[in-house]
Amino acid sequence: MKVTEIFEEKKKTGKPVLSFEIFPPKKEEALKNIDATLERLCDLHPDFISVTFGAGGSAVDNQTVELAKKIKNRYGVEPIVHLTCLHYGKEEISTILHQLRENGIENILALRGDVNPNVPMKHDFRYANELVEYIKAQGDFHISGACYPETHLEAPDAVTDIRNLKRKVDAGVSHLVSQLFFDNEAFYRFYEKTRIAGIDVPVEAGIMPVTNRSQIERMVNICGATLPRKFERVLHKYDENKEALFDAGMAYAINQIVDLIANDVDGIHIYTMNNPKVTERICDGIRNLI
């Protein structure tokens, strides 16, 4: 089932879409144990699960498709495969698309991807919209895209960022997943701008549950998300108490999601970090809302 069909079906129920993100473990031992994680996550009945993709030349790339196949065939949940393009040429992308098609995987999250200094860059694709156009010409795939409520770090300003996002949607993106954020008002302002710009596809709110301070500081540096004062107070107060910070982080994420659902968000996308305990805790807190 294509993601657009999932959104259409959930809209009839008046409830938002719920999805998770996982990543293929880099260590062989962790990969062997991924079934336990998948079983617990799929028992939470997400509408789909996205699987991240490494830069070119990584063994993780091959594992991505295998993991997506397992999610679809063994657990009966629709997968979305991330596909990056900075480190791939057109021939390589075509090979990957053929592999997806052969395995019945029809949903792709098309991304430019981050620069990997250890992997040579290719020059067939500079931006995600170019990858989207290429995928559209290669077959009947549903294509999702990424968006940044607080503006992409490389964009000169918010207006340019929205214009680039519109270009991506016009190229064929039918669903957007947001980067993580901790200030819902920033997401609402961004969502309004997308509608003003003529972007009318579903926009899922990306939620990153906080389990430790170093994790969140690392992610904030990568994506540029701001930390609201009330969130900084939580980090400061419970920094030395691992269990208390975990509880406070879960409460903050649940409160974010409750507010988003109350404001009729299209969907909630949880960055699980392959941690079913965290995801179970959040889903338990919103079980009657989804």
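Modeller: Start with one term. A polar contact is a pair of N or O atoms within 3.5 Å. Keep that cut-off in mind. This is a predicted model, and every value below is computed from it.

Colleague: Which residue caps the N-terminal end of α11?

Modeller: N241 does. One of its side-chain oxygens lies 3.3 Å from the backbone nitrogen of E243. That distance falls within the 3.5 Å cut-off.

Colleague: How do I read the span of α11, from its first C-alpha to its last?

Modeller: The expected span of a helix is 1.5 Å times one less than its number of residues. Helix α11 covers residues 242–262, which is 21 residues. Its end C-alpha atoms are 30 Å apart, close to the expected 30 Å.

Colleague: What follows α11?

Modeller: Look at D264, which comes after the helix and has a positive phi. The angle is near 60 degrees, and D264 is not a glycine. D264 sits in the loop between α11 and β8 (267–271).

Colleague: Is D264 buried or exposed?

Modeller: Use the cut-offs. Buried means under 20% relative accessible area, and exposed means over 50%. D264 has 65%, so it is exposed.

Colleague: Where is H45 found?

Modeller: H45 is in the loop between α3 (34–42) and β2 (48–51). H45 also has a positive phi, about 60 degrees, without being a glycine. Its relative accessibility is 63%, so H45 counts as exposed.

Colleague: And H82? Where is its place?

Modeller: H82 is in strand β3, residues 78–84. Its relative accessibility is 6%, so H82 counts as buried.

Colleague: What does the side chain of H82 make a polar contact with?

Modeller: With the side chain of S50, at 3.2 Å. Now look for other residues that H82 touches.

Colleague: Which residues of helix α6 are buried?

Modeller: Helix α6 spans residues 128–138. The buried ones are A128, N129, E130, L131, V132, Y134 and I135.

Colleague: What do the buried residues of α6 pack against?

Modeller: The strands are β3, β4 (107–111) and β5 (142–147). The helices are α5 (90–102) and α7 (158–171). Then check the residue just after α6. There, G139 takes a positive phi of about 160 degrees.

Colleague: How do I find empty space in a model?

Modeller: Rolling a probe the size of a water molecule over the atoms shows where empty space is left. Now the case here. A search of the whole structure gives 1 cavity of 30 Å³ or more. The largest cavity has a volume of about 50 Å³.

Colleague: Which residues line the largest cavity?

Modeller: The lining consists of Y148, P149, E150, T151, Q179, L180, F181, C223 and A225. By class, that lining has 6 nonpolar, 2 polar and 1 charged residues.

Colleague: What volume has the second largest pocket?

Modeller: About 400 Å³. There are 18 residues in its lining, and the closest to the centre are F7, K11, K15, V265 and D266. Helix α1 gives the most, with 5 residues. The classes are 8 nonpolar, 2 polar and 8 charged residues.

Colleague: Where does A197 lie?

Modeller: In the loop between α8 (184–196) and β7 (203–207). A197 has 28% relative accessibility, so it counts as partly exposed. Apart from residues up to four places away in sequence, A197 touches I162 and K166. The chain also brings in V159, which is 38 residues away from A197 in sequence. Their C-alpha atoms are separated by 9.7 Å.

Colleague: One last case. Where is S214 found?

Modeller: In helix α9, residues 213–223. S214 counts as partly exposed because its relative accessibility is 47%. Its side chain makes a polar contact of 2.8 Å with the side chain of N212. S214 and D239 are 25 residues apart in sequence. In space they are 9.8 Å apart, C-alpha to C-alpha.

Terms used: Residues numbered from 1 in each chain as written. Predicted model: local features only at pLDDT ≥ 70, side-chain atom pairs only at ≥ 80, totals over all residues. Heavy atoms only, no water. Helix = DSSP H or I, 4+ residues; strand = E, 2+ residues; numbered from the N terminus. Polar contact = N/O pair within 3.5 Å; in protein donor to acceptor, adjacent residues only side chain to side chain. 1 Å grid on protein atoms, 1.4 Å probe; cavity = no way out; pocket = protein on both sides within 12 Å on 5 of 7 lines; lining within 4 Å. Points joined across faces, edges and corners; volume = space filled by probe spheres on them. Nonpolar A, V, L, I, M, F, W, Y, C, P; charged D, E, K, R; others polar. Buried < 20%, exposed > 50% of the residue type's maximum accessible area, 1.4 Å probe, protein only. Contact = heavy atoms within 4.5 Å.
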